[in-house]
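Hi,

Here is the structure I said I'd pass on. Have a look at it first, and my notes follow below.

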Amino acid sequence: MSPTTQAPSPLRVAVVGAGFIASRGHLPALQHRTDTEVVALVDVNAERSLAVAEQFRIPATFTDYATMLREAQPDLVIIGTPNVLHAPQTLAAIEAGAHVLVEKPMATSAVDAQRMADAARAAGRVLTIGLHNRYRPEMNYLKGLVDAGELGRIYYAKISLLRRRGIPGFGSWFTNKDLAGGGAIMDIGVHMVDLALWLMGSPTPVSVMGVTYAEFGPRARALGGWGVDAPPAGASTADGRFDVDDLAAGMVRFDNGATLMVDISWAGYSPSEEHLHLLGTEGGAEIHGADRQAPTQTPLKLYHDYMGRPTETLPVFPPLPASEGSMVQQLDTLISAIRHGTPLRVTPEQVVVVTAILESLQESARLGRSVDIELPRPAL
Ligand SMILES: NC(=O)c1ccc[n+]([C@@H]2O[C@H](COP(=O)([O-])OP(=O)(O)OC[C@H]3O[C@@H](n4cnc5c(N)ncnc54)[C@H](O)[C@@H]3O)[C@@H](O)[C@H]2O)c1
């Protein structure tokens, strides 16, 4: 008789937060997997979680997170709640013995992010952060080129993610500093800072000079995208709290001499654009994303000298089917790390550094001067 191998039982997954990223990102990505089973959905808004649970055929819903951890005993918790909850919910999940995928930003402070990284390491649990842009084909390809030395030493990088009208709603949690930890810089800046650091080889930041503005949000202007799009009839701007940035910019210096220029906004009289530039000693790269527009097949341009002439190369990336999208690849990588101990693409230690930059840039803006970046020390 030939030996038979039994497939391991599916990972029991709980999703926390039944909002946009859960219903449009994680649950669709989980839907067709056979190695996972979504056993619980948690949201303080019971009506929302019931509707989403029905759509994705999730057997149990909870309004209380601690009760869910106790009763459902998930193997993996996916957290898609307002930013300030990321740290306490991650720590509670790890304490309950679960692995965690927490949405970006990892936390609202570097100290909290470090605590999460420490807890995961101490408990032997896998923790990753939903910075799924690292899985985009052009990013993946560029990372391979940088690591192979094709651009030489990266000494300068620029990131720019600007939206024309993209303030998330009128009075949503995204614009409340206590819940979000920051505005455009925490919400969309986190993706770009993370990509730049990863592509630059994770240098250690030493200082940042930052500025922030809030020119549109406080006037309930340039609303769009998500949340509640327009002030309700009769509402004044005072009804919608906005105490975060709608534009943030800065210059980060690293211990290897490299510099990163940061340019992020939710709203402004400027074209919507997404740019990432890397300048190396042997070549350069430029990524043009069309944020929230149709993706281009040639998002990456490479600059080299070839036979003595300045040369530009445009690698082509055919559109990926949804089944190979970045949210699916993110899960594949995580589940393989849980089951087989394979490396994560997005490690907690890397994102502690990203969080420190986001936090310090805001602190620099508040103080009106450059600040040194002090990274929290790992506990182990
Ligand atoms: N990776 C990405 O590209 C991406 C995209 C969008 C959002 N996000 C992140 O996902 C997170 C959620 O964003 P969203 O757009 O889904 O927001 P959302 O407002 O649509 O959903 C958040 C949900 O969390 C629920 N919630 C609030 N407090 C809770 C609690 N204590 N316990 C359980 N549920 C609670 C809310 O009721 C809401 O349904 C944020 O951190 C955001 O930055 C990431």
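Two housekeeping points before I go on. This is a predicted model, so local features need pLDDT of at least 70 and side-chain atom pairs count only at pLDDT 80 or more, while totals for chains, interfaces and linings use all residues. Residues are numbered from 1 along each chain as its sequence is written.

Back to Val-42, which sits in strand E2. (Helices, H or I with at least four residues, and strands, E with at least two, are DSSP runs numbered from the N terminus.) Val-42 is buried, because 26 other C-beta atoms lie within 10 Å; the cut-off for buried is 20 or more such atoms around a residue's own C-beta, exposed is 12 or fewer, and partly exposed is in between, with C-beta atoms placed from the backbone. Ala-60 is 18 residues away from Val-42 in sequence, yet the C-alpha to C-alpha separation is 8.6 Å.

E2 as a whole is mostly covered, with six of its seven residues buried. It pairs with E1 in the parallel sense over six bridges; strands count as paired if DSSP finds at least two bridges between them. Along that pairing, Val-13 has Val-38 as its bridge partner in E2, and Val-16 has Val-42. E2 also pairs with E3, again parallel, over two bridges, and there Val-42 stands opposite Phe-62. To get from E2 to E3 the chain goes through helix H2 (residues 46-56), a right-handed β-α-β crossover. (Right-handed: with the strands pointing away from the viewer, the path from the first strand over the helix to the second runs clockwise.)

Zooming out, these strands belong to an open, parallel sheet of six, ordered E3-E2-E1-E4-E5-E6. Its edge strands are E3 and E6 (127-129), each pairing on one side only.

Now for helix H3 (residues 65-72). Its buried residues are Tyr-65, Met-68, Leu-69 and Ala-72. They lie on the same side of H3 because they cover an arc of only 100 degrees around the axis, taken from the directions from the helix axis to the C-beta atoms. On the other side, Ala-66, Thr-67 and Arg-70 are exposed. The cover over the buried residues of H3 includes strands E1 (11-16), E2 (36-42) and E3 (61-62), plus helix H4 (86-95). Just after H3, Gln-73 has a positive phi of about 45 degrees.

Within it, E7 (residues 154-162) and E10 (residues 259-265) run parallel, joined by seven bridges, and Leu-161 stands opposite Ile-264 in E10.

Last, the ligand: 22 residues surround it, the closest being Gly-17, Gly-19, Phe-20, Ile-21 and Glu-103. (A residue counts as near if its C-beta atom, placed from the backbone, lies within 6 Å.) That shell divides into nine nonpolar, eight polar and five charged residues, where Ala, Val, Leu, Ile, Met, Phe, Trp, Tyr, Cys and Pro count as nonpolar, Asp, Glu, Lys and Arg as charged, and the others, Gly among them, as polar.

Cheers

Technical notes: Two residues are in contact if their C-beta atoms, placed from the backbone, lie within 7 Å.
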